[in-house]
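I opened my notebook to record what I looked up in this structure. The entries below follow the order in which I looked.

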Amino acid sequence: MAGPIIELQNICMRFERNVIHQDLNLRVDQGEIVSLVGGSGSGKTTVLRQMLGLQRPTSGTVRVFGEDIAHASAQQMQALRQRWGVLFQQGALFSALTAFENVAQPLRELRYLPEDLIRDTVLLKLGMVELSPQDALKMPADLSGGMVKRVALARALALEPELLFLDEPTAGLDPDMSETFVTLIRSLHQELKLTVVMVTHDLDTLLALSSTIAVLADKRVIINAAPAEVIAFDHPFIKDFFLGARGRRALEALDQ
């Protein structure tokens, strides 16, 4: 049996005397959509940054595709980055580049792809997120919030990644646009056989997409399980988050 795609073991993270995580463990298996949730200050973004090699824990081990991130060489990290894509919360598009050039940017970084292959790949990826060749010519300032997210998603998929990181993918979108974007992510997950790690506080997105939910509380992952099992878990944060008014509305909508 193949090992996990991502494994965090005995993670401790502290800033001076402030302990963010203590004995945090998390496993992400191939094909899963794992959502990280937790209260303010629980360190969701910190965990995501550790997976991406942007931040090192004080102690413990982070492995992605079997590689120990802390001890990976520059060449190994470059190879890993070509196996994952990242959708940042606000899209993080380059404002001076067209949608086309934003999606082409990771392909150009490889420095050995011919221009016609870059063009075809960019248009293919934009088509996958339901954007047209005409949309490719637009500047980020001329795109709606939903289109910015789609261009950013196309860029995250440019290098044919096996692993996709989503940071608040539906933040800032209206309910209809959010639902459309969730449907798009679900179809791409199935079509491309992606493994997905998502940080979100949006209950509708969380319940619609997650195969497992990892809950950060008490400085660790208190449970990482299927949504129904997580909701039944006895913990104050879970009761407040899932079984408050917003959570009940999301659960009712899911049942309809």
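**Entry: the sheet.** I began with the strands of this predicted model. I found an open sheet of four strands, in the order β2-β1-β4-β5. The pairing is antiparallel. Next I asked which strands stand at the edges. They are β2 (18-28) and β5 (67-68). Each has a single partner strand, so one side of each is left without a neighbour in the sheet.

**Entry: β1 and β4.** I then looked up how many bridges join β1 and β4. There are five, and the two strands pair in the antiparallel sense. Strand β1 covers residues 6-15.

Entry: I asked which strands helix α1 lies across. The helix, residues 44-51, lies across β1, β2 and β4. It runs at about 125° to β1.

**Entry: Thr46.** Is Thr46 buried or exposed? I looked up its relative accessible area, which is 13%. Buried means under 20%, so Thr46 counts as buried. I also listed what Thr46 touches, leaving out residues up to four places away in sequence. The contacts are Met13, His21 and Gln55.

**Entry: cavities.** I asked how many cavities of 30 Å³ or more the structure holds. It holds two.

**Entry: the largest cavity.** About 50 Å³ of space lies in it. I wrote down its lining: Gln50, Gln55, Arg56, Pro57, Gly60, Thr61, Val62, Asp68, Ile69 and Ala70. Gln55 had already come up as a contact of Thr46. Which element gives the largest share of this lining? Strand β4, residues 59-64, does, with three residues. I sorted the lining by class as well: four residues are nonpolar, four are polar and two are charged.

**Entry: the second largest cavity.** Its volume is about 30 Å³. I listed Leu153, Leu164, Ile185, Leu188, His189, Leu194 and Val196 as its lining. Which helix gives the most to this lining? I found helix α7, residues 175-192, with three residues. By class, the lining of the second largest cavity has six nonpolar residues, one polar and no charged. The lining of the largest cavity, by contrast, includes two charged residues.

Technical notes
Residues are numbered from 1 along each chain as its sequence is written. This is a predicted model: local features need pLDDT of at least 70, side-chain atom pairs count only at pLDDT 80 or more; totals for chains, interfaces and linings use all residues. Side-chain values use heavy atoms; hydrogens and water are left out. On a 1 Å grid over the protein atoms alone, a cavity is a set of points where a 1.4 Å probe fits but cannot get out, and a pocket is an open set with protein on both sides within 12 Å along at least five of seven lines; lining residues have an atom within 4 Å of a point. Grid points are joined across faces, edges and corners, and a volume is the space filled by probe spheres set on the points. Ala, Val, Leu, Ile, Met, Phe, Trp, Tyr, Cys and Pro count as nonpolar, Asp, Glu, Lys and Arg as charged, and the others, Gly among them, as polar. Two strands pair if DSSP finds at least two bridges between them. Contact means heavy atoms within 4.5 Å. Axes are lines fitted to C-alpha atoms, for helices over the stretch in contact, and angles run from 0 to 180 degrees between N-to-C directions. Buried means under 20% relative accessible area, exposed over 50%, partly exposed in between (1.4 Å probe, protein chains only).
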